[in-house]
Amino acid sequence: MKKNDLTWSDLVALASRLDDNDALGDFKTLFYRGDPDEIYLDGNSLGRLPLESQRRLEDIVEYQWGSGLIRSWGAHWYDAPTRIGDQLAGLIGAHPGEVIIADSTTINLFKLVISALMIHPDRKEVLSDVLNFPTDLYTIRGALAMLNRGHTLVLLESKDGIRISLSDYQHALNENTALVTISTPTFKSGFLHDIALMTRLAHEAGALVLWDFSHAVGVIPLDVDGWDVDFAVGCTYKYLNGGPGSPAFLYVNQKHIAKIGHQPIGWWGHRTPFTFDLAYQPADSIRRTLSGTPSILSMLPIEFGVDLVQKAGIERIREKSKGLGSLFIRAFDHRLAGLGYQLGSPREAGQRGGHVSIQHPEAYRIYQALTQELKLIPDFREPDNIRLGFAPLYTSFEDVLEAVTRLARVIEDRIYEKYTLQRAKVT
Ligand SMILES: Cc1ncc(COP(=O)(O)O)c(C=O)c1O
């Protein structure tokens, strides 16, 4: 077993000191908590329920929907996609007017891939990597097939399944690259690309850049305008705690808004939707990226989730996130490395997002035992990854060590052996 210089009781003392000095420690009281013994490490997939969202949703349903009915469109709802977009813009370093809340990440990505390729009609390559989230790759391929203008998708390989090398990326960029589109941090390994540098290199090659920040927004400070990012999308139900299926965000750099010609076009992107013109005239603003009627009840809680992140401060969130991951890795070396687990994420905190993956040949049975019996909720990603998301607003350093203890116990007491290899519909 690989040991570091600290004993387990040193680690326990360290965790307790870190919790005592944690400026974000009280934020956990602002979230709904069911079983107090349950450790929830899946906030990178579906964030916890903010108590404010629970309370406000009851009012919204009763007063805005129940009493206000159709009048609430004008009074509360019509501007919600841009109002919440402007609020979220502050978190990612965008200007007001560059972000909107709409549809899913998948749909927004599709809209922006089409738009980007229409801006650069003579270039025929789209560059991405094999650590991208599957929906992104399906969407890119679907968009290229629909355009049918001879584009190809170039996918960079990963040597270790954890990272993508920057030099491979540099070599792949060329005068035919129209668009670079990548997810960061990556959904399995949590690898954080060098966003600023990669954006600059892509621009030097004359390409546009579209980032999927689903695993970054709310846990990593972003500076999209400072880095001159062209486009970005991302989920709001992870670290922003927007709720299951809450609509995604879409960012377009101001300089491109007038050039957006996405599909599917719809009446909500029209300059004046309520004149019901038969001819489409796109809005001059980011609203042109809308297609159909926004999902209001799913969208409104994003405001309360973003509010919590703003109150906590994204820099403090990132610092705590790095600390949680680093403590986990120290405890992993101490307690788990000898039990058949392998680290599936970068060790360096600066190269990692908010989650850490560990791998084990029995990962699926371990995952079932943890969730069904040991009150530890991570998620499982094929073929052998257990993903542990340390959402800084409601995860303590003590939680991290307790999670390690349960991950050890499930092997040492052979608890996983009771469970089947038969995959559930959702993991
Ligand atoms: C990186 C990334 N991109 C896209 C998606 C898909 O988002 P949606 O289902 O909202 O389209 C996910 C979902 O987890 C994701 O992690």
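Colleague: How many bridges join S9 to strand S10?

Modeller: This is a predicted model, so local features need pLDDT of at least 70 and side-chain atom pairs count only at pLDDT 80 or more, while totals for chains, interfaces and linings use all residues. Residues are numbered from 1 along each chain as its sequence is written, and side-chain values use heavy atoms, with hydrogens and water left out. Strands here are DSSP runs of E with at least two residues, helices are runs of H or I with at least four, both numbered from the N terminus, and two strands pair if DSSP finds at least two bridges between them. S9 and S10 (residues 355-359) run antiparallel, with Gln342 partnered by Gln359, and the number of bridges joining them is two.

Colleague: Which strands stand at the edges of that sheet?

Modeller: The sheet is open, has four strands in the order S9-S10-S13-S12, and pairs antiparallel. Two of the strands have a single partner strand each, so one side of each is left without a neighbour in the sheet. Those are S9 (342-343) and S12 (379-381).

Colleague: What is the radius of gyration of the protein?

Modeller: The protein has 13 helices and 13 strands. The globule rule (2.2 Å times the number of residues to the power 0.38, with the radius taken over C-alpha atoms) gives 22 Å for 427 residues, and the protein comes out close to that, so it's as compact as a globular protein of that length. The radius of gyration is 22 Å.

Colleague: Which residue forms a salt bridge with Lys320?

Modeller: A salt bridge here is a side-chain nitrogen of Lys or Arg within 4 Å of a carboxyl oxygen of Asp or Glu, and the structure holds 23 of them. In this one the closest N and O atoms are 2.6 Å apart, and both residues are buried (under 20% relative accessible area; exposed is over 50%, partly exposed in between, with a 1.4 Å probe and protein chains only). Lys320 lies in helix H11 (residues 314-336) and its partner in the loop between H1 (8-20) and S1 (39-40), so the pair ties together parts that are 298 residues apart in sequence. The partner is Asp22.

Colleague: How many residues apart in sequence are the parts tied together by Arg423 and Glu382?

Modeller: The side chains of Arg423 and Glu382 meet in a salt bridge at 2.7 Å, N to O. Arg423 is partly exposed at 34%, and Glu382 is partly exposed at 40%. Arg423 lies in the segment after helix H13 (397-412) and Glu382 in the loop between S12 and S13 (385-389), so the parts tied together are 41 residues apart.
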